[in-house]
Structure formats: C-alpha cells, structure tokens
Amino acid sequence: MKALWGEMNGRGRVVLAVAVLLLLLAPTVATRYLVSVLTLIFYFVYVGQAWNLMMGYAGQLSLGHALYVGVGGYVSAALWVHFGIGPWLGVFPAVLLAASFGAAIGWLGFRFGIEGVYFALLTIAFAEFTRIGFDHIDVVGGAGGLFIPYEEARLGEWWNLRGGQLFFYYLAFGLAAIAVLVTALLARSRLGYQWRAVREDEAAARALGIDAFRAKMKAILISSAMTAVGGVFYAFYYNSLFPAQMFEMSRSIELILGPIVGGLGTVFGPVIGAFLLTPLGEILIGVTEALGINAPGAKAVFFGLTLMVIIYLVPTGVWPWLSKTLGLTGRRS
Amino acid sequence: MASNTGFRPSRRDLLGAAAAVSATALIGAPAIVRAEAKTLKIAKLLPRSGLFAAAGQSCHRGAVVTPKVLADYGYAVELMHIDFESNVDVARTQTERAIAEGAQCVTGAFESGATLAIAQVCEQRQIPFVIDIGSAPQLTEQGYKYLVRNFQTNPMLVENGLRQIKDLMAATKVSFESAVYVHANDTFGTLSRKAMDELFPKAGMPFPLKDSIAYDPKAQDLAVEVTKIRAIDPDLVMVTSRSSDAIKLVRDMVRQRFEPKAIVSPGSPGLYDEEFYQALGPLADFHLYNLPWANPKSEMTQALAAAFKQAHPKNRFEVDCFNAGFTFEGILIAADAFKRAGTADGPTLMEAVKATNIERHVMTGGPIRFDEKGQNNDITSAVVQSRHRTPTVVLPADVAVMVPVLPMPAWQGRS
Amino acid sequence: MLAIYLNVVVQGVLTGLLYGLMALGLSAIFGVVRVVNFAHGEFAVVAMYAAFVLFRVYGIDPMWAMLPIAVAFFVIGYALQHTVIDAFVGRPDHEQFILLVGLAIVITNGLLLVFGPDAQPANLPYAFDSVMVGPLIIDEVRVYAAVAALAVCAALFAFFRFTRTGTAIRACADNLVGAAVVGLNVRRLYALTFGLGLACVGAAGALMITIADAVPSLGPAYTLLAFTIVIVGGLGSMTGALVGGLLIGVSEALAGFLVAPSMKSMFSFALLIAVLVLRPQGLLGKKPA
C-alpha cells in the first residue's frame, strides 16, 4: 500500500481512494452490462500490468503474451475437466508451465543477445508455434476446443472459480488491484531500479555491476507467471477454450494496447489504458448505432483511427500527461 | 521518458461520444416495466465482422427479412441486430447490453466460443437462448437450462452425410473404389474429423477411407494438399471446408488435372457460397453437399424466399438458404413459444420453448422438437448438387427437384 | 515418387519468389528507415483489391496492373512517411507499433466496409491452366507471377546498385550519422525508401491476386509471413529476402507434404526461432558492427 501511496500526492490519493470505493460499490447501482464491461476492463488491467512489468520496466518487447494466457488457461482447464483438479490447485502447474515457456524464451533471447524487434518476433514465433501445436493436441480437444461444464450445482464453489457475475467481478477487481500493487512494489524495489537501468542502457547497467541477464530473466518469469493466472481467470470466466481464441497474435496485440496507450513503465498507465480502450470499443458500438453507420467494420475503423490519434498526440501514453494535467503526481505547484 | 509538449486534449470528443450510449444500459434504471407486450424482443447475435464475417452477413440477410415473413404467419417479433465481431469478449458484453435494453430472448451465434459466452449470460439472466447455427456437440452437454439448439451436431452431420453417399451410389448406380477425407483444421473441421474417425468404420461404407488430411485454414493455397491427394488417387474426395478454402481446393485440383468421380461434403458449407461460384464459374458445378437444406417444397420456405428476393436483389436465396433458413427458424422457435406462453417472462417462455412442436417450418426434417437436453434430433439432411451454379436438391426423392449427376463431368470442356 | 517431390519443391519455389518480393519491401523499410511496418500485410491486401478492381472493371491484367499500382503505392508511401510516420522515426518500437497496428485495423475494416467479407477472385482467363514439363505439372499463373516478381526485384537491385539515390539510401542504412554529415537529405531519402518499400508490396499484392483471392482479413498473416522471411533471410540484405522467401516457400511445401499440411507453418516458425538464435543477422545478413 505504501508503495502505491508513494506514487501520488495528496490529491492523487483522494482520487484513487474514491475510484476504488466507487468500483467496489459499482455493482449495487450498475447494470449487469456495465459490470460485465468493468470485469473485462479489470482483466485487461491485470494482463496489461503483467506485460508492463516486462516491457515498461525491463524494456523487453513481447508480442506473444497470449502464449502465457493460453498455457495458463489450458493447463488449469484440462486439469479440471479431465481430473477434477480445481483451479485453486491447478493454477500452480499452470503458472509453472507458462513460466517455463517464459524461461525458455528469455534464456534463448537474452543469452543470444536477441533484442528489440528481433526479440518481439521470437515471442511471436513461440506463440504461433504453440497455437498450431495446440490445434493438434487431442487431450485438450485440438482446434475443436476444450469445454468446461457450467454445472449449476457447483456455482457456489468459489475456490473452483465457479460463480456468478458478481463473483467474477470482484475476482477480476482483486486481480487487477494485486497487479497494480505488485507493480508499485516492484517499481520501487532494487529489482525495479535494475530493470530501468537495463532498459535505458544495458552496457552502462552492466558497468554498474548489474547482472542484466538475471534481471531480464526475472522480468520475463514474473511477467509470464502473472499472465498465466490471467489465463486461468479467462478460461473459467468463459468456460471454453480454442487455440485460435487463446493464442492468436491478435490476442497478444489486444493485451498490450492498453499499457502502451495508457503509458508504459508507469504504475497507472495500464489501468488508464484499459479504462480508455475497452469502454471506447463499447462506446463506438453505441455511437455508430446511434448515427446509423453501424455497418460491420465501421466501429473498428474508428477504433483504429483513435489508436493512431492517441499515439500521435501522446506518444508516451495518456497517464503521464493526465496525471500532470490533473496534478495527481509529483509536488503540487 | 521524453516529456511531451504541445498536446491538445481531445476529451471533449470522448465525453460527447459517451453520452450517445444509452444510459439505461449502464446504470440500473428503475427495473424496466415489462408490460405484457404483444411483440417479442429478440437479440440476434452474429459475427458480421472479423473472421466469420462472410457467414455472419449471410445469416444477417436471413434475419432482416424474418420479422415480415413471421408477421404474415401471425407472429410479432422485433429484432435487435448485434455484431459481435467474431470476438468472445464482445459477444458477452453485447449480450448483457441487449438484455439490459430489453431483449427477452437471444438467438445466434454461429461460432462455438461466442455461443457459450452468450449461453452463460442467458443462463444467469434466465433468458431463453436458441442456438440457430452451432455444431459443437458439447454445446448441449454443458448443463445449460436456458438453451436449445435447432441445428445438427458434427456427428449428426457426418452420419447423415455418409449415409447419403450410400443413397447417392444407389440412386446413380455409381460405385466408389476409395476415398480421401480433407478438412480444415479449424473448430468445425476438427470436430467433423473426430466424428469421421468414429463413424466411418461403423457406417459400413462399401469403399475404404485411404487417408484423412487436415489443412491449415489460413493456407494461401492448397497445392501441396492436392498433390498429396493426387498421389493417393481416390475416386471420391470428401471435404469439410469453409468457402474460401473450397475455392483453393478445387482450383488446385483443376490445375493439377486431378479428377475424382465426385467431390462430396458430408455436412459442411463451402462448396456452394456465392464466392465459390464467382471464383470457379462452370468448375463450381456438380459438387455435392449433404446438409440440412431449405425444403423447396415447404410453403414457408417459399414465403421466406420471396421476402428474401425482395429485400436482397443482389443475393440469391438458393445460395444463402442454409444460413438464412436456420436463422429464420431460430427466430420462429422463439416467436412460437412467445405466442403459446403469452408472456415474455424468462422461465415461462423457456418452458414454452422446450415444449416446442412446430410442424410447419423451413428446413428439411420432421417437426421442430427438443429433447431434454435441448437438442432437436429430427433435422434431416438432403443431398444438394450445384447445377448451373445453383444449389439444387437432388435427394431424397420427396424433396428433390432434379436427379443427381454422377460421376461429375471432366473439368475440361465445361461451360 | 521423385517426380512428386520435385513438383512440391517447384510449387514451393514459385510461391516463395512472390513471398520474397513482398518481404523485400519490408526489408527496405525496416533496414533503412528502421520503422517496423506492422501494416505491411494489409498494404499487400489493398494492392490485391486494387488489382482486382482494375481487372474486373477495366480488364487490365494484374501482370500489367502491377505497374500503376506500384507507382500509386510509391506515392502513398512517400506521403505517409513524409506526413505521419516521420514523427515516429527513431521513436521506440512500441510507439511505431501502435501507430501501424491502428492503421492495419483501419485498412482491414475499411476493406470489409467497401468490398464485403466474401473472397474476391480476379478470374484470369489463364487461372486454371497448367503446363506439363516431363513428369511435372506446373501452374502457369505461378510461373508468370514468379517471373514478374524476379523482374521487379532485379529492377530494385539495379536501382540500389547503380543510381546515385540508391547508393545514398544504402549509405543511410549503413551509417546514418555519416550520411547526414556528408549532407544527404535523410528525411527525403527515408520517404523515398518508404515509397519504394510500399511499391514492392504493391507489386507483390497485385501479383498475389493471380494466385490467391482477396479477403479483408488476410493482412496479419501476410505481415507475419513477411517478417519471418526478412528475419530468416537477413535484414537489409536484398538477396536475403528472396532467399528467405524461397526457403519458407519450399520448407512449408515439403513439410506440408511429408508431415501434415495443417502443421506446415509450424516449420516456418521453428525455422525463424532457429535463425534468431543461431544466426540473428539472418542467413545472408551482414554481421552487425
């Protein structure tokens, strides 16, 4: 908490506290529609934050994070469907496997000095390779998909992630909150400073005695493990998994839009990004409908244009600009 | 991080846009008073953009003409057309939005993942969900109570498809020596393959299945796949494809001068879409697909066809009738249940949906009825053959309008 | 049996050359301007539609239509670089990424709005012809497309090797500071390069319509393919892009034939991973300084 508090000044803290309170109370007044949108936002905050740790802080561009979502989701769902092992236990092997994927990619990438776009392509290659692999793994249904039964009788079993809309709302909220806290903590930790040093100038960081390889490995391990937990949530929220739906490159891209638009390497960037982009999609549906131009594809055209405009106007993200404009961080002038 | 300067805020635009979204969808306005309306409000969810856009738009063409046709039969429905962009997240939030804006029943959704996302919302809201197209056998096995399906599962499609290959052989006195099965390695294709692996040995087919070949649905061409088939040289090629792959498959067969006696789809779309006819011209003819089809002899089908022609002069009902027909029937089921129940109250309406027994409808098969899991087991398939670039029912005899032609004429010299 | 293998390899080679041409545009942009064009495949799809329209409406064969399309794409590329993308040169990859991903989304869905979701075939009169060469059956369109692709590549090689501007662009790629010091107008050269890169994609897309049908959602697959080829072949190496294209084309064809067609792109990605790890500069790339 302290780390989080330290991110902001007095005014920022008030805004944050009010926002958290509002979100906690939201389901009492909001419709189920709004709750479902917020749940989705929290999910994107969570996975966006996991990605932000690796890219925003340690400077390693991954365009294959859907890999960890998919592995996490598939492992926990398969254990539940085939062996009745609940996700409260299944999340451990899920995280373990995803983190080993992360370790393998990280080791190959960092050991062999693959950087920037090259590293990004390495992550894409792994994600796509795995997607096609999963298309052929019969135990999890291949491309045919893996289905988790709905089972009304189990709906109260929260430890097995069986519950109604409110349950998933607060679960997603909790995940997002934890991710923000973890980021705030790590950002102020020794590791966080090492990451930033490596991000800014790896050679200089080495000269200072920082083990860049270790720091980067820690980043990808933490990031992939966190993302896998998001995958477990996703699997049990939707109750069905398809390799295309879990691993596709478009999913990896979707997941990183929020943090970049919101502001990389900041604690609240991914939060703002998710709160901007997910509602933007929903709003555009409503707007195009109201204007009578809701031909299929029109909404996405506007969405793409908005992305371009935002990144053109605020290349470093909305949060740094917003917090400065509203005076939420730094010293009040 | 570089500091950013010279930035002009654009929040005004965003706020203006936000206001355009209906407020009742966001904040729990006083529970909408549901007077016993005479019209049923149905949310029709389809993937009209994204990966499944072609199919989604084809279904949509059927959906837009449905209320008018149903009105002539004494049913009153109002449709909310929703595009879920081939995206599960959107499917889920948009279902919530539709229900928040007053939808009393949901139909859709073509794609399995989205279908299950919608099913969950409907289950929690106690709103009936009629699956009009969706073949994964698991959909009705997950324990959802507010869900019925008026569509064949992959095993049903394949079982009927294989049986009708035998019917074809009997009707035309043409026999096959050996077969190869080719399928797209997507959800539909993989589920069909599973059914094929299981059902072919039991079906007692008079020819062996030499090989089953899965191809990448994203492949740019199917040249290698065709080379592989050609090396086996079967006289029957069975395919489960999507339409753009079917084009590539036939095109590469022609280029590689491979001519089987027949190309038959045991229950999949692909060989009859407008783009297939456009791309292949005369080469698109004589392919066969064993599918549930709009019964050309049903009076309701003719009414739907007439309305379709009027609304979509550029599209042909014969080509869209599989998608349009099932879309129509999904809405019909909801409307019929509403008429019998006399209320749109979820649980009562669902009771009525489960008790459906519709004699007069569009697609081939017996009356529309659902078993205890919500599956309609009485949909039958027809054998349809492309003739003069028009899907034409050729078997069974009671619904056929032409006789099947087999073996298909050589690629060369077609016009 | 040997004949069949040979046939598969020939198919791979012919398709690979076309892939190579598409990747060449990316290699030029990526290698010189250092902008990661994540809308590359989408541009190829736009060119496919352009060639489709020119053929269907005006009856211009894509083999010829590729010339005006390449010119138009050059202009678009030049303008795009000059107006929007220039601000992103030298900025972090992820910012360029969002800009171009946004553009890709606009293009894909714009095409969906205009042309609808159905596959659009050019329906060339010779689309179904094939020639027998001994035991081999070779598609005519693929041969034409491959030859045309080679011709475009040759023209580009000549440009970079023998013209002043071409040499200047190469100087920019090799040593940016040096180029600026000797007084080259880097901004203009970047715009030229981006234009040339897009002209390549335009030509490749126009040729692509002869062997594949235009569908709005094709873009991401082409983008990924182009990146794979460029990395495998070696960034900044023009022959590398062609060799990468051939290698991917042939290995996919062979993998499809020998293992399973549905797994064939797994081999491309495995190849990509192997090259990144073992020879990050690509097969024909120069060792980084």
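Guide: Happy to. Keep in mind that this is a predicted model. Chain B is split into domain 1 (37–152 + 297–354) and domain 2 (155–291 + 382–395), and those bounds come from an automatic or database domain assignment.

Visitor: How do you know which residues of domain 1 of chain B are in contact with domain 2 of chain B?

Guide: Two residues count as in contact if their C-beta atoms, placed from the backbone, lie within 7 Å. By that test, 10 residues of domain 1 of chain B touch 14 residues of domain 2 of chain B. Helix H11 (residues 317–341) of chain B gives the largest share of the domain 1 side, three residues. Sorted by class, that side has five nonpolar, three polar and two charged residues.

Visitor: What makes S4(B) and S5(B) a pair?

Guide: Strands pair if DSSP finds at least two bridges between them. Strand S4 (residues 129–133) of chain B and S5(B) have three bridges, in the parallel sense, so by that definition they pair. B:Phe129, for instance, has B:Leu147 in S5(B) as its bridge partner.

Visitor: And why are strand S2 and strand S5 of chain B at the edges?

Guide: The open sheet has five strands, ordered S2-S1-S3-S4-S5 (chain B), with parallel pairing. Strand S2 (77–83) and strand S5 (147–149) of chain B each have a single partner strand, so one side of each has no neighbour in the sheet.

Visitor: What packs on this sheet?

Guide: H11(B) does, touching S1, S2, S3 and S4 of chain B, with its direction at about 160° to that of S4(B).

How values were computed. Residues numbered from 1 in each chain as written. Chains lettered and ligands numbered in written order. Predicted model: local features only at pLDDT ≥ 70, side-chain atom pairs only at ≥ 80, totals over all residues. Helix = DSSP H or I, 4+ residues; strand = E, 2+ residues; numbered from the N terminus. Nonpolar A, V, L, I, M, F, W, Y, C, P; charged D, E, K, R; others polar. Axes fitted to C-alpha atoms, helices over the stretch in contact; angles between N-to-C directions.
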